[in-house]
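Please read this briefing alongside the sequence and the model shown below.

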Amino acid sequence: MSDRLDLRRIVREARVEASAAGSARVEAEHLLLALSARPDTDAGRLLVDRGLDHGTLSRALDLEFEHSLASVGVRLDDFALPHERTALVRESRWLGRSVQIAMQRAMKARAGHGRSRRQLQSLHLLLGIMAPDLGTVPRALAAIGVDRDALIDEARLTLARAA
Amino acid sequence: MSAFDSKEPQNVSDGLAAVVALRRLADLIESAQVDRALREGWSWSEIAEALGVTRQAVHKKHARRVAAAGPGRALPDAEAVAAAAATPDDEPEEEP
């Protein structure tokens with residue numbers, strides 16, 4: 001019951017993550033980073049227990065970025081960008097499509113877990129973020145060898161146990 | 001790594017992910033270069049023209065950040081530019 005998700009707060013924290021990454025838009029990976037920084041939630045605890053703390057996920061995302069650029073022969077090192085990307089985006093205002101998809105999937109995950117618990121929980125959001133097979137999040141997780149299906153199963157199990 | 005030689009991604013999902021990454025890289029470069037242009041005295045109109053977008057678009061995207069970087073907050077154009085210009089360069093310019 002204590003895991004009722006403060007969606008407003010997590011989106012606000014995701015905005016900060018997006019700014020820190022120099023992204024004008026908030027995307028699903030920023031929601032994931034925000035969750036990983038919240039070990040007081042079930043989702044944050046699950047991520048950290050699996051070794052997916054904030055630093056590890058940040059590195060995974062950087063790796064994915066570099067890897068994707070490299071696939072078309074572009075090297076990030078060739079560009080003179082400030083090390084502190086926060087300076088490049090004052091405030092990430094727009095919510096990207098991947099956030100919308102994660103939210104829709106989160107609502108779906110909630111609907112699938114019985115009538116008694118209607119509150120959106122952090123694990124529902126984590127399931128929503130993890131659901132898509134394509135995009136930056138699954139690619140970043142694959143880049144560091146994370147078994148996304150196992151993570152999804154564990155989140156579902158935790159939800160079922162609590163129900 | 002042989003696929004890199006031809007600059008052709010190994011598969012479609014890599015190719016599409018590259019598009020996403022390039023858009024993000026373009027955003028990062030745009031912010032850095034707009035900052036630099038302002039420091040070097042370019043006007044918002046000139047920057048917009050160079051980027052091929054409207055002055056309103058470039059201003060909407062960057063003005064808040066630029067104003068925040070300088071001493072003033074929510075400044076009108078000319079003052080924001082002056083504030084940005086007055087900000088000392090914290091990184092050396094990389095001239096070719």
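This is a predicted model: local features need pLDDT of at least 70, side-chain atom pairs count only at pLDDT 80 or more; totals for chains, interfaces and linings use all residues.

Chain B is built from five helices and zero strands, and 24 residues of chain A are in contact with 25 residues of chain B. On the chain A side, α4(A) gives the most to that contact, with four residues.

**Chain B overall**
- Along the sequence, the elements of chain B follow the pattern α-α-α-α-α.
- Chain B has 96 residues, of which 22% count as buried.
- Take the contacts in chain B between residues at least 6 apart in sequence: 28% of these join residues at least 24 apart.

**Helix α4 of chain B**
- Helix α4 of chain B covers residues 55-69, which is 15 residues.
- At 1.5 Å a residue, α4(B) should span 21 Å, and its end C-alpha atoms lie 20 Å apart, so the two values agree.
- α4(B) has a bend of about 45° at H62(B).
- H62(B) is also one of the buried residues of α4(B).

**Where chain A meets chain B**
- In the contact between 24 residues of chain A and 25 residues of chain B, α4 and α7 (136-143) of chain A each supply at least two residues on the chain A side.
- The crossing of α4(A) past α2(B) is left-handed.
- From α4(A), the residues that meet α2(B) are F65(A), S68(A) and L69(A).
- Their partners in α2(B) are D14(B), A17(B), A18(B), V20(B), A21(B), L22(B), R24(B) and L25(B).

**S58(A)**
- S58(A) lies in helix α4 of chain A.
- S58(A) has 17 other C-beta atoms within 10 Å. A residue is buried at 20 or more and exposed at 12 or fewer, so S58(A) is partly exposed.
- S58(A) and R148(A) are 90 residues apart in sequence, and their C-alpha atoms are 16 Å apart in space.

Note on methods:
Residues are numbered from 1 along each chain as its sequence is written. Chains are lettered from A and ligands numbered from 1 in the order in which they are written. The expected span of a helix is 1.5 Å times one less than its number of residues. The bend at a residue is the angle between axes fitted to the seven residues ending there and the seven starting there. A crossing is left-handed if the near helix is turned anticlockwise from the far one by less than a right angle, and right-handed if clockwise. Two residues are in contact if their C-beta atoms, placed from the backbone, lie within 7 Å.
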